[in-house]
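Subject: Structure for you to look at

Hello,

Here is the structure you are taking over.

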Amino acid sequence: DVLFERDALFGGGSWLGAQFQSSPEDAIVFQQLLWRIKPDLIIDLGTNVGGSAIFFASIMSFYTNTGIVVTIDAKPFTDNW
């Protein structure tokens with residue numbers, strides 16, 4: 001985590017072409033939780049450019065056709081973090 005934050009690696013990752021600001025380790029944990037719990041609804045707070053929402057939706061697509069990802073950010077899309 002220290003190296004990840006120090007080197008600002010959170011800005012360099014992507015998922016299906018969209019910036020994804022989670023560490024690879026966190027992404028694996030998210031995937032494992034989603035697969036175990038199999039929620040039908042995920043609320044993603046702090047959207048930025050949507051990489052995490054795309055990540056969540058793509059994992060959900062493996063276990064449901066009716067899953068919903070609601071993504072919310074206080075800043076307009078044009079104000080990239």
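Predicted model: local features only at pLDDT ≥ 70, side-chain atom pairs only at ≥ 80, totals over all residues.

Residues are numbered from 1 along each chain as its sequence is written, and side-chain values use heavy atoms, with hydrogens and water left out.

The whole chain

The protein chain has 3 helices and 4 strands. Helices (H or I, at least four residues) and strands (E, at least two) are DSSP runs, numbered from the N terminus. Read from the N terminus, the order is α-β-β-α-β-α-β.

Of the 81 residues, 28% count as buried. Buried means under 20% relative accessible area, exposed means over 50%, and partly exposed is in between (1.4 Å probe, protein chains only). The chain exposes about 5,600 Å², and carbon and sulfur atoms supply 62% of that area. Accessible areas come from the Shrake-Rupley method with a 1.4 Å probe, and for residues only the protein chains shown count as cover.

Contact means heavy atoms within 4.5 Å. Among contacts in the chain with a separation of 6 or more, 62% come from residues 24 or more positions apart.

Helices α2 and α3

Two packed helices are described by the angle between their axes and the distance between the axes. Helix α2 covers residues 24–37 and helix α3 covers residues 51–60; they pack at an angle of about 40°, with axes 10 Å apart. Axes are lines fitted to C-alpha atoms, for helices over the stretch in contact, and angles run from 0 to 180 degrees between N-to-C directions. The two helices are therefore oblique to each other: angles under 35 degrees count as roughly parallel, over 145 as roughly antiparallel, 65 to 115 as roughly perpendicular and the rest as oblique.

The crossing of α2 and α3 is right-handed. A crossing has that hand if the near helix is turned clockwise from the far one by less than a right angle, and is left-handed if anticlockwise.

On the α2 side, the residues that meet α3 are Ala27, Phe30, Gln31 and Leu34; their partners in α3 are Phe55, Phe56 and Ile59. By class, this contact has 6 nonpolar, 1 polar and no charged residues. Here Ala, Val, Leu, Ile, Met, Phe, Trp, Tyr, Cys and Pro count as nonpolar, Asp, Glu, Lys and Arg as charged, and the others, Gly among them, as polar.

Helix α3 is largely enclosed by the rest of the structure, because 8 of its 10 residues are buried. The buried residues are Gly51, Ser52, Ala53, Phe55, Phe56, Ser58, Ile59 and Met60. Their cover includes β1 (14–15), β2 (18–19), α2, β3 (41–45) and β4 (68–72).

Single residues

Ser58 lies in α3 and is buried at 15% relative accessibility. Ser58 touches Trp15 and Leu16, not counting residues up to four places away in sequence. The C-alpha atoms of Ser58 and Leu16 are 9.2 Å apart, although 42 residues separate them in sequence.

Leu16 itself is in the loop between β1 and β2 and is exposed, with a relative accessible area of 69%. Leu16 has a positive phi of about 50° although it is not a glycine. Most residues other than glycine have a negative phi, and most peptide bonds are trans. Asn48 also has a positive phi, near 55°. Asn48 is in the loop between β3 and α3 and counts as buried, at 8% relative accessibility.

Pro39, in the loop between α2 and β3, is buried with a relative accessible area of 18%. Leaving aside neighbours within four places in sequence, Pro39 is in contact with Leu34, Met60 and Tyr63. Tyr63 is in the loop between α3 and β4 and is buried at 18%. With neighbours within four places again left aside, Tyr63 is in contact with Leu34, Trp35, Lys38 and Pro39.

Ile43 is in strand β3 and is exposed, at 52% relative accessible area. Ile43 touches Val70 and Ile72, not counting residues up to four places away. The C-alpha atoms of Ile43 and Val69 are separated by 5.9 Å, at 26 residues apart along the chain.

Regards
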